[in-house]
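Here is a short briefing to read with the model open beside you.

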Amino acid sequence: MRLLFLALAVWGAIHPMAYFLQWFGENGYDLAGMIEAWHANAASSGLVWDLTIAAVALTVWIIFEVVRRKHWVGLVAIPATFCIGVSCGLPLYLFLRMGYRG
């Protein structure tokens, strides 16, 4: 199961990033433009907010668990979540959490 979470974390980093890189290739490295594109319509805005709330909830859970279990390496999943995406951060945290024997 642990290796499955690692594979999902890698997939969650690579697959979405391919779309971001394609967008940057077509539009330049314009972060403001990308954020504007995320809110092109109500459906995409809803998805952005869904993922933002999920990322915040995951961060709260990670912090709670890291403090309780003293498994500090789990904090790595927070920047992965906000710099790459929830599709990477969540399975990465589950991978790291399953390897901890505390």
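Which helices each supply at least two residues of the lining of the largest pocket? They are helix H1 (2–27), helix H2 (31–38), helix H3 (42–69), helix H4 (77–83) and helix H5 (86–98). Helices here are DSSP runs of H or I with at least four residues, strands are runs of E with at least two, and both are numbered from the N terminus.

Please keep in mind that this is a predicted model, where local features need pLDDT of at least 70, side-chain atom pairs count only at pLDDT 80 or more, and totals for chains, interfaces and linings use all residues. Residues are numbered from 1 along each chain as its sequence is written, and side-chain values use heavy atoms, with hydrogens and water left out.

**Overall layout**

- The protein has 5 helices and 0 strands, giving the pattern α-α-α-α-α along the sequence.
- The C-alpha trace spans about 45 × 25 × 20 Å along its principal axes.
- Of the 102 residues in the protein, 29% are buried; buried means under 20% relative accessible area, exposed means over 50%, and partly exposed lies in between (1.4 Å probe, protein chains only).
- Among contacts between residues at least 6 apart in sequence, 52% join residues at least 24 apart, where contact means heavy atoms within 4.5 Å.

**The largest pocket**

- Rolling a probe the size of a water molecule over the atoms shows where empty space is left.
- The largest pocket has a volume of about 780 Å³.
- Its lining holds 22 residues, and Phe20, Trp38, Leu51, Ile84 and Gly85 are the closest to its centre.
- On a 1 Å grid over the protein atoms alone, a pocket is an open set of points where a 1.4 Å probe fits, with protein on both sides within 12 Å along at least five of seven lines, and lining residues have an atom within 4 Å of a point.
- Grid points are joined across faces, edges and corners, and the volume is the space filled by probe spheres set on the points.
- H3 gives the most to this lining, with 6 residues.
- By type, the lining divides into 16 nonpolar residues, 6 polar and no charged; Ala, Val, Leu, Ile, Met, Phe, Trp, Tyr, Cys and Pro count as nonpolar, Asp, Glu, Lys and Arg as charged, and the others, Gly among them, as polar.

**Aromatic pairs**

- The whole structure has 4 aromatic pairs.
- In one of these, the rings of phenylalanine 20 and tryptophan 38 have centres 6.5 Å apart and planes at 55 degrees, so the pair is tilted.
- Rings of Phe, Tyr and Trp (its six-membered ring) pair if their centres lie within 6.5 Å; planes under 30 degrees apart are stacked, over 60 edge-to-face, and the rest tilted.
- This pair links distant parts of the chain, with phenylalanine 20 in helix H1 and tryptophan 38 in helix H2, 18 residues apart.
- Phenylalanine 20 is partly exposed at 25% relative accessibility, and tryptophan 38 is partly exposed at 34%.
- Ring pairs also link Trp23, Phe24 and Tyr29 into a cluster.

**Helix H5 and its surroundings**

- H5 has 13 residues and reaches 18 Å from its first C-alpha to its last, close to the 18 Å expected at 1.5 Å a residue; the expected span is 1.5 Å times one less than the number of residues.
- Buried residues in H5 are Val86, Cys88, Gly89, Pro91, Leu92, Tyr93, Phe95 and Leu96, and what covers them includes H1, H3 and H4.
- Alanine 77, in helix H4, is buried with a relative accessible area of 0%.
- Setting aside residues up to four places away in sequence, alanine 77 touches Ile62, Gly89, Leu92 and Tyr93.
- In helix H1, alanine 7 has its C-alpha 9.3 Å from that of phenylalanine 95, 88 residues apart along the chain.
- Isoleucine 14, also placed in helix H1, counts as exposed at 56% relative accessibility.

**Two more residues to look at**

- Serine 45 lies in helix H3 and is buried, with a relative accessible area of 17%.
- Lysine 70, in the loop between H3 and H4, has a positive phi of about 60 degrees although it is not a glycine.
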